[in-house]
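User: Got a model open here and want a quick walk through it. Can we start with the pocket?

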Amino acid sequence: FELAKRINTIGLPGPCAFFPVSAAAPTTWVTCVDPSLADADFVKEAYRIGEISKEAVDAGPASWGLLLAPYRADLYVEQSFVRSLKLKDYSRGNGSAVAPQQKLQCPIVAVAADGDVGVSSEGVVEAWGVEGRLQNVHRLGGDHMFLSNNSVSRQMLADIVFDVTRDAAAG
């Protein structure tokens with residue numbers, strides 16, 4: 001998302017479409033799992049909300065150090081980004097997250113799974129409309145790992161991307 005916005009600001013041609021998949025809009029971001037939790041608690045919470053697979057849980061403590069390190073790092077970056085959004089807005093006297101100044105110039109087509117805890121609350125995915133022109137929201141079956149766990153969902157996503165990019169290229 002940040003790269004797509006940056007491309008627009010430096011005068012390069014932007015993307016023909018933007019597809020946030022299982023992603024909350026920036027104005028609604030919250031970190032779902034505290035990355036500072038002990039391994040067992042971190043794994044339990046991440047699995048509960050569908051952020052990691054059963055295979056990762058079953059790998060056990062001997063493997064978690066290797067498996068969890070990149071995920072924790074990603075969550076720390078996410079926390080930092082969410083904090084920076086809020087700090088920008090606090091400087092204007094408002095405690096809520098702020099929408100980025102530059103809006104995307106391409107259509108936004110959001111895709112989320114019905115059972116994805118991080119994006120299942122009403123308005124979380126739809127808030128991508130604040131970032132540009134929200135063309136559509138597609139809800140597919142499954143949880144956060146729906147693309148890994150469901151070949152039907154993978155094919156549906158491929159069809160959505162194909163249709164939107166074909167239409168964008170033609171228009």
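This is a predicted model: local features need pLDDT of at least 70, side-chain atom pairs count only at pLDDT 80 or more; totals for chains, interfaces and linings use all residues.

User: What volume does the largest pocket have?

Analyst: About 560 Å³. The lining counts 24 residues, and the closest to the pocket centre are Ser22, Ala23, Ala24, Trp29 and Glu78.

User: Ser22, then. Where is Ser22 found?

Analyst: Ser22 sits in the loop between helix 1 and helix 2 (39–48). Its phi is positive, about 55 degrees, although Ser22 is not a glycine.

User: Is Ser22 buried or exposed?

Analyst: Buried. The relative accessible area of Ser22 is 13%, and the cut-off for buried is under 20%.

User: Zooming out. How many helices and strands are there in the protein?

Analyst: The protein has 6 helices and 2 strands. From the N terminus, the order is α-α-α-α-β-β-α-α. Of its 171 residues, 34% count as buried.

User: And the contacts, what share is between residues 24 or more positions apart?

Analyst: 70% of the contacts with a separation of 6 or more.

User: Helix 1 next. Which residues of helix 1 are buried?

Analyst: Helix 1 covers residues 2–9, and its buried residues are Ala4, Lys5 and Asn8. They lie on the same side of helix 1, because they cover an arc of only 100 degrees around the axis. Leu3 and Arg6 are exposed on the other side.

User: What follows helix 1?

Analyst: Gly11, with a positive phi near 85 degrees.

User: OK, helix 2. Which residues of helix 2 are buried?

Analyst: Phe42, Val43 and Ala46. Looking down the axis, the buried residues of helix 2 fall within an arc of 95 degrees, so they line one face. On the other side of helix 2, Lys44 and Arg48 are exposed.

User: What comes just after helix 2?

Analyst: Gly50, which takes a positive phi of about 80 degrees.

User: Changing topic: cores. Which residues touch the most other members in the largest nonpolar core?

Analyst: Phe18, Leu104, Val119, Val125 and Trp128, out of 17 residues in that core. Strand 1 (residues 107–113) gives the most to this core, with 3 residues. Another core, of 11 residues, lies apart from it, and includes Val43, Ala46, Ile49 and Leu68.

User: Back to Phe18. What does Phe18 touch?

Analyst: Leaving out residues up to four places away in sequence, Phe18 touches Phe1, Ala4, Leu104, Cys106, Pro107, Ile108, Val109 and Trp128.

User: One more residue, Val164. Where does Val164 lie?

Analyst: In helix 6, residues 151–170. Val164 counts as buried, because its relative accessibility is 10%.

User: What does Val164 touch?

Analyst: Ala17, Phe19, Val109 and Gln135, again leaving out residues up to four places away in sequence.

User: How far apart are Val164 and Ala17?

Analyst: 147 residues in sequence. In space, Val164 and Ala17 are 7.3 Å apart, C-alpha to C-alpha.

Key:
Residues are numbered from 1 along each chain as its sequence is written. Side-chain values use heavy atoms; hydrogens and water are left out. On a 1 Å grid over the protein atoms alone, a cavity is a set of points where a 1.4 Å probe fits but cannot get out, and a pocket is an open set with protein on both sides within 12 Å along at least five of seven lines; lining residues have an atom within 4 Å of a point. Grid points are joined across faces, edges and corners, and a volume is the space filled by probe spheres set on the points. Buried means under 20% relative accessible area, exposed over 50%, partly exposed in between (1.4 Å probe, protein chains only). Helices (H or I, at least four residues) and strands (E, at least two) are DSSP runs, numbered from the N terminus. The arc is that of the directions from the helix axis to the C-beta atoms. A nonpolar core is a set of buried Ala, Val, Leu, Ile, Met, Phe, Trp, Tyr and Cys residues joined through side-chain atoms within 4.5 Å. Contact means heavy atoms within 4.5 Å.
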